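Hi,

Here is the structure for you to look through. My notes follow below it.

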Amino acid sequence: MIRRPLAALAVLSAIAATPLAAQTLTVALKADIRGTNPGVNRDDDTDAVTLHMVEGLVAYREGGTVGSMLAEKIETSPDGLTYTFELRKGLSFHNGAPLTAQDVVWSWQRYMDPKTEWRCLADFDGRNGLKVEAVEAVSPTTVRMRINEANALFLFSLARTDCGSAAVIHKDSLNPDGSWKAPVGTGPFKLSEWKRGQQIVLTRFDGYQSLPGGLDGFAGGKRPLVPEVKFLVVPDAASVKAGLLSGQIDIAEVLSSDVAALRKEKGVTVQTVPTAARHALLFQTNDPVFRKPAMRKALAAAIDFGQLVAIISDLDVKPNNSTIHAKSTYRSEVQNLSFHYDPALAKKLLAEAGYKGERLKITTNNRKSSPSFNIAVVLQSMFQAVGVNSDIDVVEWATHMDRFLKGNYQLMVHSYSARLDPALSFEHFTGPKADQPRKVWDDPAVIALLDKASKIENVAERQAIFDDLHKRMIDDVPLVMLFNSVEAWASTARVEGFVPWESRIRAWEVSLKK
């Protein structure tokens, strides 16, 4: 039986000589997208494809800050409660209708309707603190939004890719009964075809007006330089590699195990780039063993971080004990403060903590896309070297997440998804355990600092807080950040301008050699 991925490659091979195919940028996806409704029934690949078609008022820049997208100017009231967005002039939707402030209001009201099932509803309706109390079109090109309390993360939340960047869409995106039809947005490409399980085809929106400048996260210049982008569903890694070598696939994320071989191929370019996703060792500080800071510090001192990353990945992975990633605007010298491998100190701290050789349990998972299991194996060996006995408890991903959310573990190797603003990154693991058992850093002073960083916009003041939080984290050791994920992407020789970013494909500003 011919597998679907290989069949898809065969179809591409049959049409490869046509003029349109010569101008089509073909991108491999590991799985089909879940939908085209922004921020609804989504995953990373779904977000990446959808955000070629739709845009929000703001978007993330490369360094993790927020830049304008559909909004030309943003003004914040002195009390931090009112945001006024002035739309860029002359923008239109894929159907030719002009973008207006009323479209922004209509789109927002739709997101806030529970029937839409927007994944970020709780982040804006008050359940998680922030509440958008009013949205109004004060002129055809001006939108005003009022929130319940000053919150420096409001724009960051609007920009989140998992929220679909709170994209502004046209009413034609819906069927007459109000159900979802297809995205009619303002993005550089528009939907042409979606054959479920096979491919998604986007065509260039000739009416797109790009911002000036080059690539800048999901902001910046986004010129559609090719007439067509074909996202081909190819879950089999061997088929992806074969497609790249034959030229049937132009761009694909590849396995680290394939990087060395692909780099030897003259017609293929491989890029490895770090992301903001983080891998960490979590301590359950409610557990009697890990209530003692000395025990947590002992295990941190037992980890040879350089050896760990060398074993885990053959890519250029660097240890990182900070929750702030290397390319962040907020990455300061203080963030380089790290744990030090010191077996003698580890043994001394174990004695200080009163460790008597009891067996510890390291919870991890068997998810193929995660290095968690391999990390656990290496850590177990390093802990054994200083006299700590441990067992590895390997569970299914669903069980892993259930235990994580309930705080039902002693030690856990866990991966955190990317959060580009440091306040959101610290929030992943900081907070009251009584209310949110998934949190590992339950320190009132730390929570107060993080709350302050979430409400002020001054960059220097926020930097000082993030530096203070990092120093406290290294000293208190509620968890040990290990390293950031590194992803590998390959592209063929005919591709120009492709630069991967945060596990997201960007087909804009990419061209094909004649």
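Two residues are in contact when heavy atoms lie within 4.5 Å. Helices (H or I, at least four residues) and strands (E, at least two) are DSSP runs, numbered from the N terminus. Buried means under 20% relative accessible area, with a 1.4 Å probe and protein chains only.

This is a predicted model: local features need pLDDT of at least 70, side-chain atom pairs count only at pLDDT 80 or more, and totals for chains, interfaces and linings use all residues. Residues are numbered from 1 along each chain as its sequence is written, and side-chain values use heavy atoms, without hydrogens or water.

Start with helix H9 (residues 305-312). Its buried residues are Phe305, Leu308, Val309 and Ile312. They sit on the same side of H9, because they cover an arc of only 90° around the axis. The arc is taken from the directions from the helix axis to the C-beta atoms. These buried residues pack against helix H8 (293-301), helix H11 (372-385) and strand E18 (479-492).

Next, helix H14 (residues 444-453). Here Val446, Leu449, Leu450 and Ala453 are buried. Their arc is only 95°, so they are on the same side of H14. Helix H13 (422-427) and helix H15 (459-476) are among what covers them.

Last, the cores. A nonpolar core is a set of buried Ala, Val, Leu, Ile, Met, Phe, Trp, Tyr and Cys residues joined through side-chain atoms within 4.5 Å. The largest has 100 residues, and Leu25, Phe85 and Phe154 have the most contacts inside it. Helix H4 (residues 101-111) gives the largest share, six residues. Another core, of 56 residues, lies apart from it and includes Val309.

Best wishes

Technical notes: Buried < 20%, exposed > 50% of the residue type's maximum accessible area, 1.4 Å probe, protein only.
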